[in-house]
Amino acid sequence: MDESLIHEGERLDELHRKGYMIIQDPSQFCFGIDAVLLSAFARAGSKEKVLDIGTGTGIIPVLMEARYGGAYTGVEIQEKAADMARRSVIYNHLEDSIKIRNEDIRESYKGYGNRPFDVVTTNPPYMIPDKGLVNPNSAKALSRHELTIELEDIVRISSHLLKTKGRFYMIHRPSRLVEIMTVMRKYKLEIKRLRMVHPFIDKEANMVLIEAIHEGGAFMKVESPLIVYKEKGVYTEEVMDIYYGE
(Lines give C-alpha, C1' and ligand atoms only; values in the text may rest on other atoms or scores of the structure.)
Protein backbone atom coordinates (compact mmCIF):
# COMPACT_ATOMS: atom_id res chain seq x y z
CA MET A 1 0.00 0.00 0.00
CA ASP A 2 1.27 3.48 -0.89
CA GLU A 3 0.89 5.20 2.48
CA SER A 4 1.61 8.59 0.92
CA LEU A 5 -1.80 8.51 -0.77
CA ILE A 6 -3.61 8.41 2.59
CA HIS A 7 -3.56 11.75 4.41
CA GLU A 8 -3.99 12.45 8.11
CA GLY A 9 -7.55 11.89 9.31
CA GLU A 10 -8.45 9.77 6.29
CA ARG A 11 -9.24 6.08 6.08
CA LEU A 12 -9.10 3.42 3.38
CA ASP A 13 -12.35 1.46 2.91
CA GLU A 14 -12.71 -1.85 1.11
CA LEU A 15 -15.29 -2.00 -1.71
CA HIS A 16 -15.43 -5.82 -2.05
CA ARG A 17 -15.03 -5.68 -5.84
CA LYS A 18 -11.80 -6.52 -7.65
CA GLY A 19 -9.85 -5.60 -4.53
CA TYR A 20 -10.66 -1.90 -5.01
CA MET A 21 -10.43 0.50 -2.07
CA ILE A 22 -11.59 4.08 -1.58
CA ILE A 23 -10.13 6.92 0.44
CA GLN A 24 -12.54 8.79 2.71
CA ASP A 25 -12.42 11.37 5.47
CA PRO A 26 -15.02 10.70 8.20
CA SER A 27 -15.14 14.43 8.98
CA GLN A 28 -16.36 15.03 5.41
CA PHE A 29 -19.28 13.33 3.63
CA CYS A 30 -18.67 9.59 3.19
CA PHE A 31 -20.59 7.58 0.60
CA GLY A 32 -23.73 5.75 1.64
CA ILE A 33 -25.92 2.92 0.43
CA ASP A 34 -27.58 5.19 -2.15
CA ALA A 35 -24.34 5.42 -4.17
CA VAL A 36 -23.86 1.66 -3.97
CA LEU A 37 -27.42 0.95 -5.13
CA LEU A 38 -27.11 3.42 -8.01
CA SER A 39 -23.85 1.83 -9.18
CA ALA A 40 -25.64 -1.53 -9.42
CA PHE A 41 -28.82 -0.14 -11.03
CA ALA A 42 -26.93 1.78 -13.71
CA ARG A 43 -25.51 0.04 -16.79
CA ALA A 44 -22.48 0.82 -18.92
CA GLY A 45 -20.85 -0.98 -21.82
CA SER A 46 -17.15 -1.71 -21.79
CA LYS A 47 -16.57 0.85 -24.58
CA GLU A 48 -19.00 3.51 -23.38
CA LYS A 49 -18.14 6.91 -21.97
CA VAL A 50 -19.73 7.75 -18.62
CA LEU A 51 -20.03 11.05 -16.76
CA ASP A 52 -20.71 11.09 -13.01
CA ILE A 53 -21.98 14.47 -11.81
CA GLY A 54 -21.16 15.24 -8.19
CA THR A 55 -18.82 12.28 -7.91
CA GLY A 56 -17.68 13.02 -4.35
CA THR A 57 -14.81 10.67 -3.54
CA GLY A 58 -15.37 8.82 -6.83
CA ILE A 59 -17.37 5.91 -5.45
CA ILE A 60 -19.75 5.47 -8.40
CA PRO A 61 -17.08 5.47 -11.17
CA VAL A 62 -14.90 3.06 -9.18
CA LEU A 63 -17.75 0.64 -8.49
CA MET A 64 -19.10 0.82 -12.04
CA GLU A 65 -15.66 0.28 -13.55
CA ALA A 66 -15.39 -2.86 -11.42
CA ARG A 67 -18.73 -4.10 -12.75
CA TYR A 68 -18.69 -3.03 -16.39
CA GLY A 69 -15.41 -1.53 -17.49
CA GLY A 70 -15.81 1.62 -19.57
CA ALA A 71 -14.31 5.11 -19.47
CA TYR A 72 -15.42 7.46 -16.68
CA THR A 73 -15.23 11.16 -15.92
CA GLY A 74 -16.15 12.20 -12.39
CA VAL A 75 -16.90 15.87 -11.77
CA GLU A 76 -16.80 17.28 -8.23
CA ILE A 77 -16.98 20.90 -7.10
CA GLN A 78 -15.41 20.30 -3.67
CA GLU A 79 -11.63 20.38 -3.91
CA LYS A 80 -10.93 18.02 -0.99
CA ALA A 81 -13.40 15.38 -2.19
CA ALA A 82 -12.02 15.58 -5.73
CA ASP A 83 -8.49 15.19 -4.38
CA MET A 84 -9.48 12.05 -2.46
CA ALA A 85 -11.17 10.72 -5.59
CA ARG A 86 -8.01 11.27 -7.65
CA ARG A 87 -5.90 9.49 -5.05
CA SER A 88 -8.35 6.56 -4.95
CA VAL A 89 -8.04 6.29 -8.73
CA ILE A 90 -4.26 6.16 -8.40
CA TYR A 91 -4.41 3.67 -5.53
CA ASN A 92 -6.53 1.30 -7.62
CA HIS A 93 -4.41 1.83 -10.78
CA LEU A 94 -7.41 3.15 -12.69
CA GLU A 95 -5.80 6.22 -14.25
CA ASP A 96 -6.53 4.92 -17.77
CA SER A 97 -10.23 4.38 -16.97
CA ILE A 98 -11.28 7.17 -14.60
CA LYS A 99 -10.59 10.90 -14.80
CA ILE A 100 -11.55 13.26 -11.97
CA ARG A 101 -12.27 16.94 -12.65
CA ASN A 102 -12.52 19.50 -9.83
CA GLU A 103 -14.87 22.10 -11.30
CA ASP A 104 -18.35 23.60 -11.28
CA ILE A 105 -20.05 21.73 -14.11
CA ARG A 106 -22.62 24.50 -14.47
CA GLU A 107 -19.80 26.64 -15.84
CA SER A 108 -17.69 24.01 -17.59
CA TYR A 109 -20.14 21.67 -19.34
CA LYS A 110 -20.19 23.54 -22.65
CA GLY A 111 -16.48 22.85 -23.01
CA TYR A 112 -17.01 19.07 -23.04
CA GLY A 113 -17.82 18.96 -26.75
CA ASN A 114 -20.78 17.77 -28.78
CA ARG A 115 -22.78 15.17 -26.83
CA PRO A 116 -19.73 13.12 -25.81
CA PHE A 117 -21.30 10.76 -23.25
CA ASP A 118 -23.23 7.52 -23.59
CA VAL A 119 -24.23 7.52 -19.92
CA VAL A 120 -24.64 10.10 -17.16
CA THR A 121 -24.98 9.09 -13.51
CA THR A 122 -25.70 11.26 -10.49
CA ASN A 123 -26.38 10.88 -6.80
CA PRO A 124 -27.35 14.53 -6.26
CA PRO A 125 -28.22 16.55 -3.18
CA TYR A 126 -31.76 15.53 -2.23
CA MET A 127 -32.92 18.57 -0.26
CA ILE A 128 -33.78 22.09 -1.35
CA PRO A 129 -32.09 24.73 0.85
CA ASP A 130 -35.20 25.83 2.78
CA LYS A 131 -36.20 22.26 3.65
CA GLY A 132 -34.50 20.29 6.41
CA LEU A 133 -31.73 21.21 8.83
CA VAL A 134 -28.61 22.35 6.96
CA ASN A 135 -25.49 20.68 8.35
CA PRO A 136 -22.96 23.24 9.65
CA ASN A 137 -20.18 21.12 8.08
CA SER A 138 -20.01 22.73 4.64
CA ALA A 139 -18.88 19.53 2.87
CA LYS A 140 -21.85 17.59 4.21
CA ALA A 141 -24.23 20.48 3.53
CA LEU A 142 -23.15 20.67 -0.13
CA SER A 143 -23.68 16.91 -0.50
CA ARG A 144 -27.17 16.94 1.01
CA HIS A 145 -28.68 20.31 0.04
CA GLU A 146 -28.99 22.03 -3.34
CA LEU A 147 -26.60 24.82 -2.41
CA THR A 148 -24.37 24.87 -5.51
CA ILE A 149 -26.44 22.90 -8.04
CA GLU A 150 -30.14 22.20 -8.38
CA LEU A 151 -32.07 19.30 -9.84
CA GLU A 152 -32.94 21.25 -12.99
CA ASP A 153 -29.28 22.18 -13.52
CA ILE A 154 -28.28 18.51 -13.42
CA VAL A 155 -31.03 17.42 -15.80
CA ARG A 156 -30.42 20.28 -18.25
CA ILE A 157 -26.65 19.67 -18.33
CA SER A 158 -27.13 15.91 -18.70
CA SER A 159 -29.49 16.42 -21.64
CA HIS A 160 -26.90 18.67 -23.29
CA LEU A 161 -24.05 16.17 -22.83
CA LEU A 162 -25.81 12.88 -23.62
CA LYS A 163 -25.86 11.33 -27.05
CA THR A 164 -29.27 10.75 -28.58
CA LYS A 165 -30.65 7.63 -26.86
CA GLY A 166 -27.97 8.00 -24.20
CA ARG A 167 -28.90 6.85 -20.69
CA PHE A 168 -29.32 8.90 -17.53
CA TYR A 169 -29.27 7.28 -14.07
CA MET A 170 -30.18 8.95 -10.80
CA ILE A 171 -31.17 8.10 -7.24
CA HIS A 172 -33.38 10.57 -5.41
CA ARG A 173 -36.27 10.96 -2.96
CA PRO A 174 -39.76 9.70 -3.88
CA SER A 175 -41.21 12.90 -2.38
CA ARG A 176 -39.76 14.81 -5.34
CA LEU A 177 -40.79 12.35 -8.04
CA VAL A 178 -43.44 14.56 -9.65
CA GLU A 179 -40.92 17.40 -9.91
CA ILE A 180 -38.29 14.99 -11.27
CA MET A 181 -40.63 13.68 -13.99
CA THR A 182 -41.69 17.19 -15.00
CA VAL A 183 -38.15 18.53 -15.25
CA MET A 184 -36.82 15.48 -17.06
CA ARG A 185 -39.52 15.58 -19.71
CA LYS A 186 -38.84 19.30 -20.19
CA TYR A 187 -35.27 18.42 -21.20
CA LYS A 188 -36.17 15.37 -23.32
CA LEU A 189 -35.10 12.74 -20.80
CA GLU A 190 -37.85 10.14 -20.79
CA ILE A 191 -38.00 7.84 -17.76
CA LYS A 192 -37.85 4.18 -18.84
CA ARG A 193 -37.17 2.30 -15.59
CA LEU A 194 -38.17 3.22 -12.06
CA ARG A 195 -37.52 1.24 -8.89
CA MET A 196 -38.58 2.21 -5.39
CA VAL A 197 -36.23 1.42 -2.50
CA HIS A 198 -37.76 0.56 0.88
CA PRO A 199 -35.77 0.26 4.12
CA PHE A 200 -38.04 -2.63 5.25
CA ILE A 201 -40.77 -4.55 3.44
CA ASP A 202 -43.48 -2.89 5.57
CA LYS A 203 -42.09 0.66 5.35
CA GLU A 204 -42.69 3.29 2.70
CA ALA A 205 -40.04 3.96 0.07
CA ASN A 206 -37.31 6.45 1.00
CA MET A 207 -35.33 6.35 -2.28
CA VAL A 208 -36.12 5.92 -5.96
CA LEU A 209 -33.81 4.67 -8.71
CA ILE A 210 -34.40 6.15 -12.17
CA GLU A 211 -33.20 5.33 -15.67
CA ALA A 212 -34.10 7.72 -18.48
CA ILE A 213 -33.32 7.82 -22.19
CA HIS A 214 -32.40 11.01 -24.00
CA GLU A 215 -35.14 11.54 -26.59
CA GLY A 216 -36.69 8.18 -25.71
CA GLY A 217 -40.31 7.14 -26.22
CA ALA A 218 -43.03 7.53 -23.59
CA PHE A 219 -43.01 4.05 -22.00
CA MET A 220 -41.96 3.40 -18.41
CA LYS A 221 -41.40 0.13 -16.54
CA VAL A 222 -41.91 0.16 -12.77
CA GLU A 223 -39.73 -2.61 -11.38
CA SER A 224 -40.32 -4.65 -8.25
CA PRO A 225 -39.39 -2.85 -5.02
CA LEU A 226 -35.87 -3.16 -3.63
CA ILE A 227 -35.96 -3.98 0.09
CA VAL A 228 -32.79 -3.06 2.00
CA TYR A 229 -33.18 -4.84 5.36
CA LYS A 230 -34.93 -8.10 6.26
CA GLU A 231 -34.53 -7.17 9.93
CA LYS A 232 -32.73 -4.42 11.80
CA GLY A 233 -29.05 -4.42 10.87
CA VAL A 234 -29.38 -7.38 8.47
CA TYR A 235 -29.36 -6.74 4.70
CA THR A 236 -31.60 -8.71 2.35
CA GLU A 237 -29.95 -11.22 0.05
CA GLU A 238 -30.27 -8.84 -2.92
CA VAL A 239 -28.50 -6.01 -1.11
CA MET A 240 -25.82 -8.38 0.16
CA ASP A 241 -25.23 -9.42 -3.44
CA ILE A 242 -25.01 -5.79 -4.54
CA TYR A 243 -22.35 -5.11 -1.90
CA TYR A 244 -20.37 -8.34 -1.96
CA GLY A 245 -21.33 -10.37 -5.03
CA GLU A 246 -18.94 -10.72 -7.94
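Biologist: Let's start with Lys-163. What's its relative accessibility?
Modeller: Lys-163 comes out at 34% relative accessibility, so it counts as partly exposed. On that scale, buried is under 20% relative accessible area, exposed is over 50%, and partly exposed is in between, using a 1.4 Å probe and protein chains only.

Biologist: Before we go on, what sort of model is this?
Modeller: This is a predicted model, where local features need pLDDT of at least 70, side-chain atom pairs count only at pLDDT 80 or more, and totals for chains, interfaces and linings use all residues. Residues are numbered from 1 along each chain as its sequence is written, and side-chain values use heavy atoms, with hydrogens and water left out.

Biologist: OK. Which residue does Lys-163 form a salt bridge with?
Modeller: Its side chain meets that of Asp-118, at 3.1 Å from N to O. Lys-163 is in strand β7 (residues 162-172) and Asp-118 in strand β6 (residues 117-122), so the bridge ties together parts 45 residues apart in sequence. Strands (E, at least two residues) and helices (H or I, at least four) are DSSP runs, numbered from the N terminus. Asp-118 is buried, at 14% relative accessibility.

Biologist: What counts as a salt bridge here?
Modeller: A side-chain nitrogen of Lys or Arg within 4 Å of a carboxyl oxygen of Asp or Glu.

Biologist: And how many are there in the whole structure?
Modeller: The search finds 18. Among them, Glu-10 pairs with Arg-87 at 2.7 Å, N to O. Glu-10 sits in the segment before β1 (11-14) and Arg-87 in helix α3 (residues 79-91), 77 residues apart.

Biologist: Why does Glu-10 count as buried?
Modeller: Because its relative accessibility is 11%. Arg-87 is buried too, with a relative accessible area of 7%.

Biologist: Switching topic: where's Thr-122?
Modeller: In strand β6. Thr-122 is buried, with a relative accessible area of 0%.

Biologist: What lies 3.1 Å from a polar atom of its side chain?
Modeller: The backbone oxygen of Ile-53.

Biologist: Which residues does Thr-122 touch?
Modeller: Leaving out residues up to four places away in sequence, its contacts (heavy atoms within 4.5 Å) include Leu-38, Asp-52, Ile-53, Ile-154 and Phe-168. Tyr-169, Met-170 and Ile-171 are also among the residues it touches.

Notes:
Polar contact = N/O pair within 3.5 Å; in protein donor to acceptor, adjacent residues only side chain to side chain.
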